[in-house]
Amino acid sequence: MLAMRSQKEIQKKIQDEMKKEGIGALILTRAESIFYATGYASQFLYTMQQAGIAYAIIPDSGQCELIVSNFEKQTAELQCSGVGISQYDSWVFVDDGTDEIKEKSTDFSGNQSFEIIKKIIKKIGSGIKIGIETNSLNGQFMEQFGRDFGKENLVDCAPLINAVRSIKTSWEIQMLRESAQIAEKTMRLTAKDIKPGMTEFDVRALYRKNADIVNKNIIETLVVISIGPNYSAAYIPRDYILKEGDIIRLDGGVNYYGYRSDIARTFVLGGKPNAVQQKKYEALVIGFKKGLSMIKPGVAFSKVFEETQQTIREAGIPNYVRGHVGHSISVEMGIEEAPYVAETQKGVFKEGMVLCFECPYYSTIGGYNIEDTLLITKDGIELFTHANETLIWP
């Protein structure tokens, strides 16, 4: 599937934006940005979250360059197409068929990979404006970048990357559509399997099992579960025992070839919601439908946010307040990406965006969320998934 990735198209999008902003090169240090720009997902960088383990250098014209360790180079060569690859020697021994003995460091220092960066940047040009990901670099890295390239030449490239990633290629749209639909099928199967007496541990196990049943090519599951009065997110599942009449919220999705999904389904175990539960959910449904009906190219994010929030207040939750009611989605580990459907978000919906639209509500009577994924089309939207309109589901 990765072989079908539109590397040339993605690279051109990045470079076109660089030229607009007068940036001669990008030095990407975050795992998600490197994957987006080159198609390579660094296992060590995703796991260790340490800048310098891998880099991607994007010139304003010409081929992208990837820098990885000797241990990851083989995978990079298999996953990437149309990308230059350089390696540095890591602490891992790889028998390359020679008798040469090389000393190995105990851990990762970053000096070798940084020397490769300097050589690549020197070829691109001197005194150029360089975009870096400041949110992934500590003080030591920032000092080194400033010393070698000039502080006056460095700019934060996060806004540029966010802007480029917000408009998807046709291949990305396919990945996100399939990822969202895998999540929806997984949630439906899981909801059918949940029984009174289970705990969050049981529900998580069901979700993982069902995701593999739906599609064996998922990389990982990413789901937040809240049951009964436990509305908040918990990294370590709680031991609350489910009983009939409890609210259940499944929120999240899967990682499918590096692309994430994020939808939510809320229902009552046993299919018999009480009056309070039903009233809260109906208000969210009304607001959700109102917001969806407004979304199309040219409409302001803030306008949809305001109308959605106000509609929910008028429909039955008068104190309803949210920071946003939706977000972009693609390769981000934390799932949510800019732009957001929020009061403070400048800009409008544009054709080619893929977003998650949501209306969550959390209280001591349980956690609720309605969330679907959609594509902004030429004159409206294409819903990838379809949330339930009642708490009697599936």
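Is Gln49 buried or exposed? Gln49 is exposed, because its relative accessible area is 51% (buried means under 20% relative accessible area, exposed over 50%, partly exposed in between, with a 1.4 Å probe and protein chains only).

The model is predicted: local features need pLDDT of at least 70, side-chain atom pairs count only at pLDDT 80 or more, and totals for chains, interfaces and linings use all residues. Residues are numbered from 1 along each chain as its sequence is written, and side-chain values use heavy atoms, with hydrogens and water left out.

**Backbone geometry**

Gln49 is not a glycine, yet its phi is positive, at about 55°. Gln49 sits in the loop between helix H3 (43–48) and strand E2 (55–59); helices (H or I, at least four residues) and strands (E, at least two) are DSSP runs, numbered from the N terminus. Tyr257 also has a positive phi, near 50°, and lies in the loop between strand E8 (247–256) and strand E9 (259–260).

**Helices H10 and H11**

The axes of helix H10 (residues 275–294) and helix H11 (residues 301–315) come within 8 Å and cross at roughly 155°. Axes here are lines fitted to C-alpha atoms, for helices over the stretch in contact, with angles from 0 to 180 degrees between N-to-C directions. H10 and H11 are therefore roughly antiparallel to each other (angles under 35 degrees count as roughly parallel, over 145 as roughly antiparallel, 65 to 115 as roughly perpendicular and the rest as oblique). On the H10 side the contact is made by Ala283, Leu284, Ile286, Gly287, Lys290, Gly291 and Met294, and on the H11 side by Lys303, Val304, Glu307, Thr308, Thr311, Ile312 and Ala315; contact means heavy atoms within 4.5 Å. By class, seven of these residues are nonpolar, four polar and three charged. Ala, Val, Leu, Ile, Met, Phe, Trp, Tyr, Cys and Pro count as nonpolar, Asp, Glu, Lys and Arg as charged, and the others, Gly among them, as polar.

Ala300 is placed in the loop between H10 and H11. Ala300 is partly exposed, with a relative accessible area of 24%. Not counting residues up to four places away in sequence, Ala300 touches Gly347, Val348 and Phe349. Ala300 and Ala342 are 42 residues apart along the chain, and their C-alpha atoms are separated by 9.4 Å.

**Val214**

Val214 belongs to helix H9 (residues 200–214) and is partly exposed, at a relative accessible area of 26%. Leaving aside neighbours within four places in sequence, Val214 is in contact with Ile182, Lys185, Thr186 and Leu189. Val214 and Lys185 are 29 residues apart in sequence, with 6.9 Å from C-alpha to C-alpha.

**Aromatic pairs**

Rings of Phe, Tyr and Trp (its six-membered ring) pair if their centres lie within 6.5 Å; planes under 30 degrees apart count as stacked, over 60 as edge-to-face and the rest as tilted. The count by this rule comes to eleven aromatic pairs. One of them is the tilted pair of Phe114 and Phe149, with 5.9 Å centre to centre and 45° between the planes. This pair links distant parts of the chain, as Phe114 in helix H5 (residues 111–124) and Phe149 in helix H6 (residues 139–149) are 35 residues apart. Both Phe114 and Phe149 are buried. Elsewhere, ring pairs join Phe35, Trp171 and Tyr259 into a cluster.
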